[in-house]
Amino acid sequence: MLFSSIPFLFYFLPAALGLYFLAPRRMKNGVLLLCSLFFYGWGEPKYLILMLVSVAQGYGFGLLIEKCRKHAKLFLSLSIAVSLLLLGYFKYADFFLSSFHAVTGISVPALQIALPIGISFYTFQILSYVIDVYRGDVTAQRNFIDLAAYVAMFPQLIAGPIVRYADIAPQLKHRTHTLADAAYGARRFILGLSKKVLLANSIGALWDAELAAQSAGTLTAFGGWLGIAAYGFQIYFDFSGYSDMAIGMGRMLGFHFPENFDYPYTAASVTEFWRRWHISLTTWFREYLYIPLGGSRKGTWRTVRNIFIVWFCTGFWHGASWNFILWGLHFFLWLMLEKYLLRDFLQKLPAWLRRAYTLLVVFSGWGVFAMEDLSVCGRYFRICFGGGALWSAADGYYLMSYGLTLVILAIGSTHLVKNAWNRLPRRGQDILGPVLMLAGLVVCTAYLVDGSYNPFLYFRF
């Protein structure tokens, strides 16, 4: 079930909120869990068991880790192994089989396993729980319903943010519900819905058009970069819109989820970009992979090795395809260049030039990220870098059709809108805010009724 769909907006969400607030305090987590299981099972009922098995093993091993400290490392290793084996089988089995065939020439039939939605996200949350119990950062959860509600919570189940158990454990037991939080949550949800439906979906059509031009042999260098820009804006407004909706719904339910984006396209370096983009994922890899590997504490070469492992895993986490691995290594390379060669040079450049350089690196990466077929990707970039015509009449048409949308997206990616809103007097905000939210909901509904929507890009990860 998509957040940006009529059934969710006008049937599931009102019913779930109604049941949740009517339930006594001691039963709220149980109601939340049941609603979340219904939400997940709506699209993939057969994978409900898989998710519950994942939660159950995390629950059981968490208790064993805390109770039997002598064997805690063994139980932690077993829990991690179970989580990664389940993730590996359902997400990566066919990739490994096809790679084995490519290397050895031995044909092995593909398993053709459908990817369970959200498995990468809820697996990481279960891993964070058992690791935090092992470290002693949290006590093991005795109530299975509470732990399952944390993992399966429908606002962030499908595409994050990846919420660490340590950050939310107190809220599972005691949380407050206020009208102010509910109002903030509703505003944040509608903002995210508008970003997804009105902006991300609109510009996504331009990326599709440029891909079609590449297939037809009519792509130009200008059109290629126009398409990559469109995809870069699409994935930002799509994913940040989802995160806004998740954070908003969490606030309605009394939970405070961490922010996942901080205007990443205003970053003045690739390093800064990754402090602002998908913050919950980069935080997870730092806390549970980079630092345990030794971080930067054991010399330059160990640091480089650790960063390489993190970015290889970051790319591979996003999908079972070589383009995602190349995307991760693309950023590893640029982060190493900034860390050891370019840092002083970049600091001497004007801020606008540093931002332009960052956008060029980031958006080039999005091109690799978007095209799973590496031969298609190679031909596309060959044209972008001068291996074909520079301009065509079709480019002028697309520029006229999408130029205003691109300007709106560019402005919306910066602090300009937020700063302008904050300059309004409080009375103006109080009057204009509800009007804009109602208008956003009405217009988004009209688009959805018309069928003008597509799934969230991050659902496939």
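Residues are classed as buried when their relative accessible area is under 20%, as exposed when it is over 50%, and as partly exposed in between (1.4 Å probe, protein chains only). The structure is a predicted model, in which local features need pLDDT of at least 70 and side-chain atom pairs count only at pLDDT 80 or more, whereas totals for chains, interfaces and linings use all residues. Residues are numbered from 1 along each chain as its sequence is written, and side-chain values use heavy atoms, with hydrogens and water left out.

Serine 194 lies in helix H9 (residues 179-216); helices (H or I, at least four residues) and strands (E, at least two) are DSSP runs numbered from the N terminus. With a relative accessible area of 15%, serine 194 is buried. Its contacts (heavy atoms within 4.5 Å) are Leu199, Gly440 and Cys444, when residues up to four places away in sequence are not counted. Between serine 194 and glycine 440, which are 246 residues apart along the chain, the C-alpha separation is 6.1 Å.

Backbone geometry was examined at two loop residues. Most residues other than glycine have a negative phi. Glutamine 112, however, has a positive phi, near 50°. This residue is placed in the loop between helix H4 (72-104) and helix H5 (119-135), and glutamine 112 counts as exposed because its relative accessibility is 70%. A positive phi of about 45° also occurs at tyrosine 263, which is not a glycine. Tyrosine 263 belongs to the loop between helix H10 (221-252) and helix H11 (270-276). Its relative accessible area is 18%, and tyrosine 263 is therefore buried.
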